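Please work through each task before reading its solution.

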Amino acid sequence: MAQEKKYNNIQWLDRNESQYGPSPKCFEFLKNVTLDELGWYSRDFARGVKSILSEKISKEFNIPERQVILSYGSEDLLKQIIQYYLDRKERILIPREAWWYYKKVAYEVGGFNVEYPMHKTKEGGVATYAYNVDKMIEIYDRERPRIVLIASPNNPTGNRISKDDLKRFLDACRGALVMIDEAYWGFGSKENDYVKPFIDEFPNLVICRTFSKYFALAGCRIGYAFAGKNLEELINYSVRYLGFNRLSEKLGEIAMDDDEYYTRVTKLMQEDKEYFYAEFKKLDGFTPYKSYANFMLVDMPKEIRKDLNKFLKERNLLIKFLDEEAFKTETRITLGTREQNMYLIESIKEFLGKK
Ligand SMILES: Cc1ncc(COP(=O)(O)O)c(C=O)c1O
């Protein structure tokens, strides 16, 4: 029997935002915001640090505060790095199967993209994209880019690079500034033990993270990064003498302290990824890809895309039907709540006439 339309509002499962929201303690804090937090600049710069948040991150990772950069989301940091380091006609090496936005930024400063491909393989019985480090090194040696970008986990493929592969690649491209975009850190693994050794060993490395995804604070626009010792100019360039958004800094701190909440949400999402793998594998022509993020890439028959999109939209379900050079038949589905995820699967099955 056809299901009733379940939601009266659009369910945005197309933007990699959290459907669970941040820690409830963030909402509690906002009820009691003080005059100085709203009306005054922070006094942190005068204390010799950027922010209470960079101080906290510095302590947590045992990396000098000076080498912790704060930004208005990791988008801001990506732009700062490219604008500061990429001169006209210089090259940035980026993944071919990647966030469309990477492909755009170099051109804004007259630079060029060079792309390296990923390949497809299997991990634990699930299809996955994978970094091909030999190929990346070969392209790096040939092109000698000024900046190299790796995303782990990568958007929209959802795969990550292993620590060993990463180290091998970093060793090979010591001559470039290397940016690792870890915007989706936390969902598939909360591993952090490589951060300090890599930042100490590779002076041209920047590891970028954000509070937008795992901590579900995208609206607050807080990103941060660890910068290697040679990147003094980037560190100076990114400093804001009048401080950062004081509410966001505080919300970031509160989120970092509520490990229990985020672990619980991540566990639910992990269970739902298993549910997605199992359900999509049952459908003819559908291939789910292994995800270490809060979304999943799913390949599906090209001929149903248009009608399925329309069918889901009529039910107020939005998922992202990718249409770019590297992805013509794939969709990227942001993990929702359990209820949203089940409704999505039921709706797709209903569309396919499987119910
Ligand atoms: C791979 C990747 N990096 C960075 C970002 C930017 O996130 P933010 O600017 O919210 O930190 C996004 C946003 O979707 C993303 O997908």
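Two strands are taken as paired if DSSP finds at least two bridges between them. The model is predicted.

**Exercise 1.** Determine in which sense β11 and β12 pair, and which residue of β12 is the bridge partner of Pro288.

*Solution.* Step 1: β11 is joined to strand β12 (residues 295–299) by 2 bridges, and the sense is antiparallel. Step 2: Pro288 has Val298 in β12 as its bridge partner. Step 3: the strand order of the open sheet is β1-β13-β14-β12-β11, 5 strands with mixed pairing. Step 4: β1 (11–13) and β11 (287–288) are the edge strands; each has a single partner, so one side of each lacks a neighbour in the sheet.

**Exercise 2.** Describe how domain 1 meets domain 2.

*Solution.* Step 1: the chain divides into domain 1 (11–22 + 260–351) and domain 2 (24–257). Step 2: their C-alpha centres are 25 Å apart. Step 3: domain 1 contributes 26 residues to the contact and domain 2 contributes 28. Step 4: on the domain 1 side, α11 (259–282), β11 and β12 each supply two or more residues, and α11 gives the most, with 4. Step 5: by class, this side comprises 15 nonpolar, 7 polar and 4 charged residues.

Terms used. Residues numbered from 1 in each chain as written. Predicted model: local features only at pLDDT ≥ 70, side-chain atom pairs only at ≥ 80, totals over all residues. Domains from an automatic or database assignment. Contact = placed C-beta atoms within 7 Å. Nonpolar A, V, L, I, M, F, W, Y, C, P; charged D, E, K, R; others polar.
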